[in-house]
Amino acid sequence: MSEEFSGYKGEALKAIKKAEAEIGDIIRITNNSEAYEGILIPRSEYGDERHIILKLKSGYNIGVRITSSTKIEKIGKGAKPTFKPPPLVKQIAELPKVAIISTGGTIASRVDYRTGAVRPALTASDLYSVVPELATIAQIDAQILFSLFSENITPKHWTQIAEFVAKQITDDVEGVVIAHGTDTLGYTAAALSFALQNLPVPVILVGSQRSADRPSSDAATNLIGAVTAAAKAPFAEVALAMHETPSDTAIAIHRGTKVRKCHTSRRDTFKSINTTPIARIQDQKITMLTEDYKKRDSKRKLALKPAFDEKVALIKFYPGMNPTIINWHIENGYKGIILEGTGLGHVSKYCFDAIKNAVNSNIIVAMTSQCIWGRINMNVYDSGRDLLALGVIPLEDILPETATVKLMWIFGQTNDIAEVKKLLKTNIASEFSQRTFSEET
Amino acid sequence: MEIDYKTLGLKVGLEIHQQLDTSAKLFCNCKPELFKEEPEITFLRRLRPTQSELGQIDPAAYFEFQKGTKILYEANRTTSCLVEMDEEPPHPLNMEAVEIALTAALMMKAKPIDQIHIMRKTVIDGSNTTGFQRTCVIALKGQIKVGEKTIPIEHISLEEDAARKTGEDENNIIRYRIDRLGIPLIEIATAPVINSPKEAGEAALAIGTILRATGKVKRGLGTIRQDINISIPNGALIEIKGLQELELLPLVVEYEVQRQLNLIKISEELKKNRAKETEIKEEFFDVTNIFKQTKCKVIRKALDKNQQVLAVKLPRFKGFLKRELMPNFRLGTEIADRARFWGKVGGIFHTDEMPAYGITAEEVEQLKKNLNAEENDAIVFVADTLENAKDALKAVVARAREAIKGVPEETRAPNPEGTTSYMRPRPGAARMYPETDIPPTQITEEYIKKIRQFLPELPEQKFERLIKEYKLNQKLARQILDSEYSELFETIVKEISVSPTTVAAFLTETLKALRRDGIEADKVSDNQIREIFKSVGNGELMKEAVQDVFIWLSKHEDATLKEAITELGLTTISEDEVKTIVEKVITENKGLIQERRENSFGVLMGIIMKSSRGKINPALASKILKERLEELLK
Ligand SMILES: [Zn+2]
């Protein structure tokens, strides 16, 4: 029953229960001499215990304060909203097959204007009805893997996603699209880049910065871009499709290991770091921006390596950082530490002992830069040279986040320290670029 | 013919939108101003109609979307940030705006609600970057007095103003400027109980006066906009959106009643003629061949672009298309508006107005023959691309069918003469859902108590005070109260010693007359008006020259008052110089003064005025001369 009251608590819940009213019913609330009539609306996330939300006849919601003298009467039963979906779109048999996997972060949804509830559209027919353009690009098979906010995705979920994608690929699809919340989308992209090797078809991650219920949402445009890439792109890599600019004009395709969320709210939040995006999609046309990519080849055999080991930490150095933070990781059984150092790859001298301890305890310690852009070089200053001497492994121009994911993945494959070190320095999924150009900032 | 509106059953409701004069926008910290310069930032968007659980989609919006309409937004850094671009979530509700809205609400005896919930009202014509307008109810159940009648105020809301349309390019791109987006608007909605055009005007004026009494609303054209809901029995509920000129309101209501009455009459006659909806078919004839040699420029141009002429038959409609609905507005005009909206065509031709526009009687005959038209049928034709022409004629057919039924429900836009044109179909039920990015705002009793304590004086109290304090007559007091200048008036007469009646008359009657003559009075700032009267007060400017100076300033926007006075050759001689001249004239006419004593004043004034060729302020000169003579003759 409590779910019927969608979030109401305390005084408000008591009053509603007493009136035997349910969400969607028409009720009258009388406070002293003032009476309000309207539809009982579920409490919003911000709601408090002393207000009941009513939808007035005019369509507006208001919060009515509940006091001990408040009277609530149910004056009408709520009509259940009926949704008549548009006729099913015909799948065009000649079109390439694309599998869409939802992990959360709704890429399509519809609004129940009666109660204000936003419901995700997840099935293929839902997607077609909300984004009808999809039917002209591909035959879609939509599946829900989980419904998680992206901040709740862990390495265990990466494993599940990778295994699920692998299953789709053996099913003769031309490409896979994964819908995912944007906050940790970059990490998942990197994880899949290592877990899904030797891909025959593209695997495209997609998200949206403006929720799908609003007419201005970037979700549909991003999804169309992602499905286009999955269906037709000439490359077979893990990549991410999002807005290139604040305009709805073009979708940039970023390589999974080189992409980072760089803005809290803008549509073009994802940027390729230290490289250019691999492709751009405009008006459903794909333009490759690099010649350096793995070509699509349906005969290629996928190598699935989905294991990750979470005993890896990403530690950002800052002035005044207490080196016991590093010691804590040693004591707690961590196998690897990625340092986010300053500038070209430095940490202060007062951390050296802790780092030495870590290395002596057979913990992998590797260096990246907190500058976001650029390549580290630990040969320029003393401090860098000292760190190298301590056994810290320099990681070129890799993103700190990608380095962390990669090290988790490596420990998922092997615990042989020499092998780990070798893999860490090997360019497995284009996580390192050999050369950086001036426009790639 | 005088219409008895009450017997007719006219019902009018008003929704008045007024921009508030806050220091920042409603949901961000941008300046609530417009910019004239070229935009610094542009971006291109599409808005996608979202489906409601009820499966409702705004038909006009969906149509635009299917046509692939894109919106090019223009912005600059002073007036918009990422919030207006829909690239950042809204900031919390601007409490300065809430306070102004609550002040107005309390002045209308409305009941503030306990907790404000922001709603998203779906609007996907491009005027909102988000695809919805943020709006919230602040208070309910107020009232205003119009004469002896009490008009209930249903609700008072606060909402963000929309972006303003700056153009429409080819290739389906509409341009909007987002400077106006997010400026706080108060919306006052009356119950539909207004029964005559006159009463509508009075109700709007009463609401406007209360809003201005808060002292915190913007002024000038475009800062106040009214939506009018009009219905008569057997007619339809028509919404007229965005009327900016208050003076036009009674006329707009009058014309709308006329239009509905005429449409009802046409419908009755069509039925009598046995016109049937089912007989109007979406059967379009390609009649391009008939016009191969045409002298009609519009068709010629279309054919040169390889476009088509498409025609449709309206059985038993002959003569009806030229029937007038409002002054200079026929049923044909109404149908053409629909064709323009849905087909994006320039216009339509119909046989009721033929032969004309270079189309010959032979061509019309040929047309009738091709379409197999009977004597009492009308034919509508249009020259454009096949797609546009088809869409246009579909709209023509739909509108003609509605003419048989009566008055179609729709949203209309006002024209400068008071008539209205088709704007779009009426959107379905208000599609509002909660704005989840902004927490609800509590309105506590203490907060209301505080606002109530500092409530501005009510218009009627102010009216009495204006008469008592400034000795204005009733008419002038009423005029200044109803004008936008009542505050400025008081500022001026409090700080400058000029006749309040002069200032009041200028701010009301004179400005009204100037506006009527096409002078853009809003281009002169309050400060400039104050300066003008300051100059009058200290004798630098003559009362009679105020109007000329004002007109000059309205035409030279960035110029100063000094420049106006110099340019107009109105420089008066300063008080010190006047004193010197008076002294000189006295010395030169000692004998005369001895002889005629006080009676020499007239002659001396004549000499003084002549010597300065009118550049002396006579009031000032006369004052100084009088003082000096009195001294001398003591
Ligand atoms: Zn802003």
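Start with the area buried between chain A and chain B: about 4,600 Å², with carbon and sulfur atoms giving 51%. Buried area is the accessible area (1.4 Å probe) that two parts lose on being put together, summed over both. This is a predicted model, where local features need pLDDT of at least 70, side-chain atom pairs count only at pLDDT 80 or more, and totals for chains, interfaces and linings use all residues. Residues are numbered from 1 along each chain as its sequence is written, chains are lettered from A in the order in which they are written, and side-chain values use heavy atoms, leaving out hydrogens and water.

Next, select the residues in contact (heavy atoms within 4.5 Å). You will find 51 residues from chain A and 58 residues from chain B.

Now pick Asp213(A) and Arg120(B). Their side chains form a salt bridge, 3.1 Å from N to O. The term means a side-chain nitrogen of Lys or Arg within 4 Å of a carboxyl oxygen of Asp or Glu. Between chain A and chain B there are 10 salt bridges.

Then colour the elements of chain A that give two or more residues to the side touching chain B, among them β2 (34–40), β4 (61–65) and α5 (219–232). Helices (H or I, at least four residues) and strands (E, at least two) are DSSP runs, numbered from the N terminus. Which element gives the most to this side? That is β4(A), with five residues.

Stay with β4(A) for the last stop: two bridges join β4(A) to strand β5 (residues 115–116) of chain B, and the strands run antiparallel. Strands pair if DSSP finds at least two bridges between them. Zoom in on Gly63(A), which stands opposite Gln115(B) in β5(B).
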